[in-house]
Amino acid sequence: MRDVTLSDIDRLDESAGERDIALAMDEDAFRAFYEHTSRPVWAYLARLTGSATEADDLLQEAYFRLLRSGAGFETERHRRQYLFRIATNLVLDLRRRRLTRPEVALSADGVDVPGAGADARQLEQRVFVRGAMARIKPRERALLWLAYAEGASHDEIGAALGLKSASIRSMLFRARRRLLGVLRGDGSRGGGRAAR
Amino acid sequence: MRHADCPREAELLESLLTTGPDGCPDGLRSHTEACASCGALLEVALALRGEHAASVHEASVPSSAVMWWRLQMRARREATVRAFQPIAVAQAITLACAVGVLAAVIGQVVPEASRVVAWLRALGNSAAAAGAASVPASAAQLLSPGGIALGLAGALFLIVTPVAIYLALSDR
């Protein structure tokens with residue numbers, strides 16, 4: 001039986017480094033793309049998961065999957081769209097794994113309490129909006145965030161969420177109505193239960 | 001459920017995204033005040049745009065250099081794991097072959113082993129009867145091909161077991 005020596009391991013490490021790290025972008029292109037997209041993607045992940053820690057973890061995973069996808073993109077906009085799709089899928093996977101865990105914990109160490117620097121009124125408003133977002137369904141949350149926070153088109157939302165573009169309009173309308181119901185304190189329209 | 005959104009919603013949203021609420025043209029502003037659908041859009045969009053701006057400002061993401069380095073390290077680690085997979089498979093096959101050979105040898109030796117056990121029992125009986133004269137003849141039986149095979153099987157077992165334990169416990 002052949003034993004594996006340290007030099008074998010070193011050789012394999014080197015060959016792996018040379019051959020198998022086939023990332024879809026070079027460093028300069030990646031860094032430019034990351035500078036433009038990392039914060040919006042992090043904000044999207046944080047709003048969908050309700051956790052800054054999970055957003056941190058998923059952010060790295062999203063970029064890793066993007067780089068390993070090997071997919072070619074016509075424009076940066078397509079690449080960005082694909083990144084949001086990966087992020088959405090990561091959140092869905094996370095939710096499937098942790099079905100019993102509350103998604104939004106309004107705690108001081110989470111993202112749900114805005115950081116220092118905001119004045120009291122802003123802080124109150126943000127906690128209110130985050131609480132309202134936490135009370136609607138995850139898909140509605142993603143829809144609304146992409147449409148109104150990111151300014152994505154229906155086609156882009158469809159691509160990011162794996163939905164038909166034709167159905168986005170009505171889904172968006174319903175989601176908006178539900179969020180508005182929560183914001184206005186109308187439980188019958190907003191859905192009084194916390195979304196899971 | 002029917003939805004009754006306004007045809008000017010797209011215009012309103014575009015205006016909000018590009019110029020903000022203060023940049024809305026007067027016509028659109030007065031329309032929004034009168035239109036329930038556009039009013040709802042304005043309320044939701046303003047809330048989410050504000051939250052978006054604050055979240056993006058607050059986001060403490062790693063620098064692009066750090067993230068690139070992390071991704072490189074992870075890609076390298078995964079590539080190394082992939083590179084080791086054939087070796088691990090070969091080792092597993094070798095171990096399986098060794099175990100198979102050991103089992104075959106033991107299978108051959110078992111009848112001979114029963115003879116050795118019988119001889120040991122006879123040896124004990126004869127020793128108890130103080131008849132030491134029969135011992136040399138029985139010892140010769142132990143050196144028969146069956147006895148040697150049993151010894152070889154034992155030796156093989158002693159060699160293979162540590163290797164198997166090493167492979168099971170080693171990290172790489």
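Modeller: In chain B, 14% of the 172 residues count as buried, where buried is defined as having 20 or more other C-beta atoms within 10 Å of the residue's own, exposed as having 12 or fewer, and partly exposed as lying in between, with C-beta atoms placed from the backbone. This is a predicted model, in which local features need pLDDT of at least 70 and side-chain atom pairs count only at pLDDT 80 or more, while totals for chains, interfaces and linings use all residues. Residues are numbered from 1 along each chain as its sequence is written, and chains are lettered from A and ligands numbered from 1 in the order in which they are written.

Chain B has six helices and zero strands (DSSP runs numbered from the N terminus: H or I of at least four residues for helices, E of at least two for strands). For chain A the count is nine helices and zero strands, and 37% of its 196 residues are buried.

Now the contact itself. Chain B contributes 40 residues and chain A contributes 45, two residues being in contact if their C-beta atoms, placed from the backbone, lie within 7 Å. On the chain B side, the elements giving two or more residues are helix 3 and helix 4, the latter spanning 64–128. Helix 4 of chain B gives the most to that side, with 18 residues. Sorted by class, the chain B side holds 22 nonpolar, eight polar and 10 charged residues (nonpolar: Ala, Val, Leu, Ile, Met, Phe, Trp, Tyr, Cys and Pro; charged: Asp, Glu, Lys and Arg; polar: the others, Gly among them).

One helix pair across the contact can be described in detail. Helix 2 of chain A (residues 27–49) packs against helix 3 of chain B (residues 36–58) at an angle of about 115 degrees, and their axes are 8 Å apart. Here axes are lines fitted to C-alpha atoms, for helices over the stretch in contact, and angles run from 0 to 180 degrees between N-to-C directions. The two helices are therefore roughly perpendicular (65 to 115 degrees; under 35 counts as roughly parallel, over 145 as roughly antiparallel, and the rest as oblique). Their crossing is right-handed, that is, the near helix is turned clockwise from the far one by less than a right angle, anticlockwise being left-handed. From helix 2 of chain A come A:Arg39, A:Pro40, A:Ala43, A:Ala46 and A:Arg47, and they meet B:His52, B:Ser55 and B:Val56 in helix 3 of chain B. By class, this helix contact has four nonpolar, two polar and two charged residues.

The largest nonpolar core has 59 residues, of which A:Leu45, A:Ala87 and A:Leu143 touch the most other members (a core is a set of buried Ala, Val, Leu, Ile, Met, Phe, Trp, Tyr and Cys residues joined through C-beta atoms within 7 Å). Helix 2 of chain A gives the most to this core, with nine residues. Apart from neighbours within four places in sequence, A:Leu45 is in contact with A:Ala55, A:Leu58, A:Leu59, A:Ala87 and A:Val91.

Of the contacts in chain A between residues at least 6 apart in sequence, 63% join residues at least 24 apart. In chain B, residues 24 or more positions apart make up 70% of the contacts with a separation of 6 or more.
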